[in-house]
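Start with one residue pair, then widen the view to the whole chain. The structure comes next.

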Amino acid sequence: MSDEAFDLIVIGGGSGGLASAIRAAKHGARVVLIEPSDLGGLCVNHGCVPKKAMWYAAQMAEAQYIAHDYGFTDKPGSLNWPAFIDRRNAYIERIHGSYQQQLDKVNVTLVHETARFLEPHRIAAGDRVLTAPHVVIATGSAPNRLDKPGFDLGVSSDGFFDLRECPKRTAIVGGGYVAVELAGVLRALGSEVDMYVRDRLMGGFDEEMAYQLGDEMKKHGITINYACQIEAAHKEGDLIRLDCDKGLTPGPYDILIWAVGRHGNTASLGLDSIGLGTNAEGQIEVDDYQETGVPGVYAVGDVTQRLALTPVAVNAGRKLADRLFGKKPGAKMDYHNIPSVVFSHPPLGTIGMSEREARDAYGDDVHLYKQTFVPMQLALAHRPMFVRFKLICVGEDSRIVGMQMLGPGVDEILQGFAVAIKMGATKGHFDDTMAIHPTSAEEMVTMGDRVPG
Ligand SMILES: Cc1cc2nc3c(=O)[nH]c(=O)nc-3n(C[C@H](O)[C@H](O)[C@H](O)COP(=O)(O)OP(=O)(O)OC[C@H]3O[C@@H](n4cnc5c(N)ncnc54)[C@H](O)[C@@H]3O)c2cc1C
Ligand SMILES: NC(=O)c1ccc[n+]([C@@H]2O[C@H](COP(=O)([O-])OP(=O)(O)OC[C@H]3O[C@@H](n4cnc5c(N)ncnc54)[C@H](O)[C@@H]3O)[C@@H](O)[C@H]2O)c1
């Protein structure tokens, strides 16, 4: 069969690949997208979307208890898990349909195969051979495996999303985004949750906020075992028992979830054949313009060494398409001040630097503002869950270099403040902004004096 020529080949139909393909096609490029599985990749199928659906369900479960405290007479009930999973999956099906329509609208050719490099600009996809002067690798990431006896008795987050009922007892290994988010959801929906954390929760995040998140999670009934390494897992009837490095054998558990990070998904690509290497995490190293070491071959999203977040993959993909086909030769993703929310219970939001990063960069020039309060909605219910805000500022004019927030509602509050911080906001700008009363967010613009020290 003869080679088929395009202007752009995109490998992977997840967040980054779809964004690159659709934007390039809108600029008039002839684009082929290669994706063997469902459109939408990790975010839509096994990441943000099903996770957020489960998080909403967990919020509903908690809201029932709050409503009860307010005087609503219905007793809190439990989730009809299989019915909700069907509803969640139907929603995801609709997203697949919407992506297919978007591709059709701009005439992107979709090939349902696994791609493999033959040459830098010549790709095999099933029995087809595709060529293009530009190739974008957007193959995402895969969950890490640990070399531990009984590892396969556990599941990754993918396995969590396949559950058809709420497990009675859950063990989660890891202390990052996935571990913390799944722990909160499972606990709120009725599982007993034990976490096994090698060092601390949310490494890389502001240490004080991460510590306070741990406190709130414990209040929620989650057991967090710090400095604890799981060495092995064993079958005990239908259940799972663990061996940990402290000589303990915790369990038995209905489910064991490994949430120990992810690595670049490059194994199937045949990168050797084009002389493109990866780092120790299997990720392709790119420069600010998403260029790999091979001319005309680019990479975006989780397969690179950059932040593994959906909006990052999307923005990098669009900027690259604008640069290659949209007459914007300088277009590139700005990797500074990227906001992020951990959908924990309660959620944790961050933008800019942690206190440690700021002190390392600016030394004694750093000063802090903090606020801690019980939000009115929960005060009325006698449920003392705190909201905590922390502003990290530098210099005479108190330029804000970091904003950290923990508590109910911060997942929605952070986005607007992220705009201000991206624009270079100072504490003075916050002080000059009228509060919206009564809200939790108003506490961000009514913070008092600097924290001493
Ligand atoms: C549980 C979980 C929850 C998350 N929640 C959030 C969140 O709330 N917010 C957020 O911003 N981020 C979240 N993330 C991260 C987010 O999902 C990723 O950053 C994002 O999906 C990365 O997009 P991508 O395009 O780089 O890769 P992916 O979406 O993983 O897409 C890669 C695609 O490439 C395909 N592929 C692989 N190999 C080949 C090949 N050889 N040929 C052709 N195709 C191939 C795969 O089938 C896949 O569809 C979450 C991640 C997880 C695990
Ligand atoms: N809300 C969101 O935006 C969201 C949600 C989920 C995931 N994500 C993205 O996906 C990425 C992957 O998430 P993740 O939670 O899989 O990774 P992560 O890097 O956030 O956390 C990995 C955790 O595993 C621990 N770990 C690593 N090796 C270990 C070992 N051998 N034994 C014990 N613990 C070990 C680490 O200490 C860390 O706590 C995140 O970094 C994030 O970028 C984002």
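Ser340 has Thr350 in β19 as its bridge partner. This is a predicted model. The pair belongs to the contact between β18 and β19, residues 348-352. Three bridges join these two strands. They run antiparallel.

Now step out to the sheet. Strands of a sheet pair through backbone hydrogen bonds, either parallel or antiparallel. Here the pairing is antiparallel. The sheet is open and has five strands. Read across, the order is β18-β19-β22-β21-β20. Two strands sit at the edges: β18, residues 340-342, and β20, residues 366-373. Each of them pairs on one side only. From one strand to the next, the twist averages 15 degrees.

What packs on the sheet? Helix α7 does, spanning residues 207-219. The helix touches β19, β21 (387-394) and β22 (399-406). Its direction makes about 10 degrees with that of β22.

Last, the chain as a whole. The protein chain holds 12 helices and 22 strands. Along the principal axes, the C-alpha atoms fill a box of roughly 70 × 65 × 45 Å. Buried residues make up 42% of the 453 residues. Contacts tell a further part of the story. Of those with a separation of 6 or more, 65% link residues 24 or more positions apart.

Conventions:
Residues are numbered from 1 along each chain as its sequence is written. Chains are lettered from A and ligands numbered from 1 in the order in which they are written. This is a predicted model: local features need pLDDT of at least 70, side-chain atom pairs count only at pLDDT 80 or more; totals for chains, interfaces and linings use all residues. Two strands pair if DSSP finds at least two bridges between them. Helices (H or I, at least four residues) and strands (E, at least two) are DSSP runs, numbered from the N terminus. Axes are lines fitted to C-alpha atoms, for helices over the stretch in contact, and angles run from 0 to 180 degrees between N-to-C directions. Two residues are in contact if their C-beta atoms, placed from the backbone, lie within 7 Å. A residue is buried if 20 or more other C-beta atoms lie within 10 Å of its own, exposed if 12 or fewer, and partly exposed in between; C-beta atoms are placed from the backbone.
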